[in-house]
Amino acid sequence: MSERRSPTIRRRRLGAELRRQREAAGITIEVVAEQLECSASKVSRIETGHTTATPRDVRDMLRIYGVVGVESDELVQIAREARQKGWWHPYSTVLVGAYVGLEAAASSIRAYEQQVVPGLLETEEYAGAMIRAARPDFTPEQVRQRVRVRLGRQSLLTQEDPVDLWVVLDETVVSRPVGGDAVMRDQLKRLIEVAELPNVTLQILPFEVGAHAGMDGTFTILSFPEPGDPDVVYAENATGGLFLEKSDELQKYSFIFDHIRAAAIRPEESIAHIAKLVEEPLWKWRPRGSPWT
């Protein structure tokens, strides 16, 4: 498997290695900050991958830890690569760049979605309708930018080394007519098409299940090809989302996802259900404006 050259994952990997070298040398963050004449928070953010370190920063930190030669040169080179811009950089004002960077580097993605079709599976029309409804304050250009980014991300599913995607959709996702009847029917057909890819597994979590393990909300688990890159959970919320990386958090969400996919109907049954909705959509049963009782 060829390595996905994401600057985000390289920054994360570099930070983890710098932390390992510092701890092996028995040196505190405060001592490093004092010698580099910077704040302790900067050193901490470099180690967690939240701040990009310059090659000079890395060389100076490694000198403090007594790391020289080939090992130092390799880490300095990673620092250079981590400073490169990902394809999504021009759109950094309209998306969570850290998430897209991790997504681009992932070898597998497991996701549970409660409300909308995930961006990797959306049609252009559905994406536009969903963004306009969710963010009525956006200008038409802002909507177009976000749609372009979502469509650009979808190449991960069909590139030479495609990501393995396993998605569980709550039945709400395929029952709510985002964009109207025609847009939603096309979106359902798109789900059927994408599910035929060998690297994509799609399941529906039906209403009849009732309460389930994923009631707390939508989340995505990102896994990476390198053993040294631990999984990341991205839990979405109204302000963007939260990245979770602690081992107990990862175990919790893996446990939840396993329970959700076990409760969902099988992939082949899920596709048959979506195909039926294309012909007999739930939103047609109760015309808009009709009473609930």
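**What is the relative accessible area of E269?**

Before we start, this is a predicted model: local features need pLDDT of at least 70, side-chain atom pairs count only at pLDDT 80 or more, and totals for chains, interfaces and linings use all residues. Residues are numbered from 1 along each chain as its sequence is written, and side-chain values use heavy atoms, with hydrogens and water left out.

*Solution.* Start with the scale: buried means under 20% relative accessible area, exposed means over 50%, and partly exposed is in between (1.4 Å probe, protein chains only). E269 comes out at 36%, so we call it partly exposed.

Next, look for its partner. The side chain of E269 meets that of R266 in a salt bridge, 2.9 Å from N to O. That term means a side-chain nitrogen of Lys or Arg within 4 Å of a carboxyl oxygen of Asp or Glu.

R266 also forms a salt bridge with E268, where the closest N and O atoms are 3.6 Å apart. R266 is partly exposed at 48% relative accessibility, and E268 is partly exposed at 48% too.

**How many salt bridges does a search of the whole structure find?**

*Solution.* The search turns up 15. Here's the background: side chains of opposite charge can pair when their charged atoms come close.

Now pick out one of them, between the side chains of D181 and R185, at 2.8 Å from N to O. Both residues sit in helix α10 (residues 181–195), and because they are 4 residues apart, about one helical turn separates them. Helices here are DSSP runs of H or I with at least four residues, strands are runs of E with at least two, and both are numbered from the N terminus. As for accessibility, D181 is partly exposed, with a relative accessible area of 26%.

Finally, salt bridges can link up into a network, as they do for E17, R20 and E71.

**Which residues of helix α2 (residues 29–36) are buried?**

*Solution.* Go along the helix and you'll find I29, V32 and A33 buried. Then look down the axis of α2: the buried residues fall within an arc of 100°, so they line one face of the helix. That arc is taken from the directions that run from the helix axis to the C-beta atoms.

Just past the helix, E37 takes a positive phi of about 60°.

**In what order do the 6 strands of the open sheet stand?**

*Solution.* Read across the sheet: β3-β2-β1-β4-β5-β6, with mixed pairing. Strands count as paired if DSSP finds at least two bridges between them.

Check the ends next. β3 (200–205) and β6 (242–244) each have a single partner strand, so one side of each has no neighbour in the sheet. On average, neighbouring strands are turned by 15° against each other, direction ignored; the axes behind such angles are lines fitted to C-alpha atoms, for helices over the stretch in contact, and angles run from 0 to 180 degrees between N-to-C directions.

Then take β1 (residues 108–113). β1 pairs with β2 (residues 164–170) in the parallel sense over 6 bridges, and S108 has D164 as its bridge partner.

Last, ask how enclosed β1 is: 5 of its 6 residues are buried, so β1 is largely enclosed by the rest of the structure. I109, a residue of β1, counts as buried at 3% relative accessibility. I109 and I221 are 112 residues apart in sequence, yet 5.7 Å apart in space, C-alpha to C-alpha.

**Which residues have the most contacts inside the largest nonpolar core?**

*Solution.* First, the term: a nonpolar core is a set of buried Ala, Val, Leu, Ile, Met, Phe, Trp, Tyr and Cys residues joined through side-chain atoms within 4.5 Å. The largest one has 46 residues, and L121, L188, L191 and L202 have the most contacts inside it. α10 gives the most to this core, with 6 residues. Apart from this core lies another of 19 residues, including I29 and I46.
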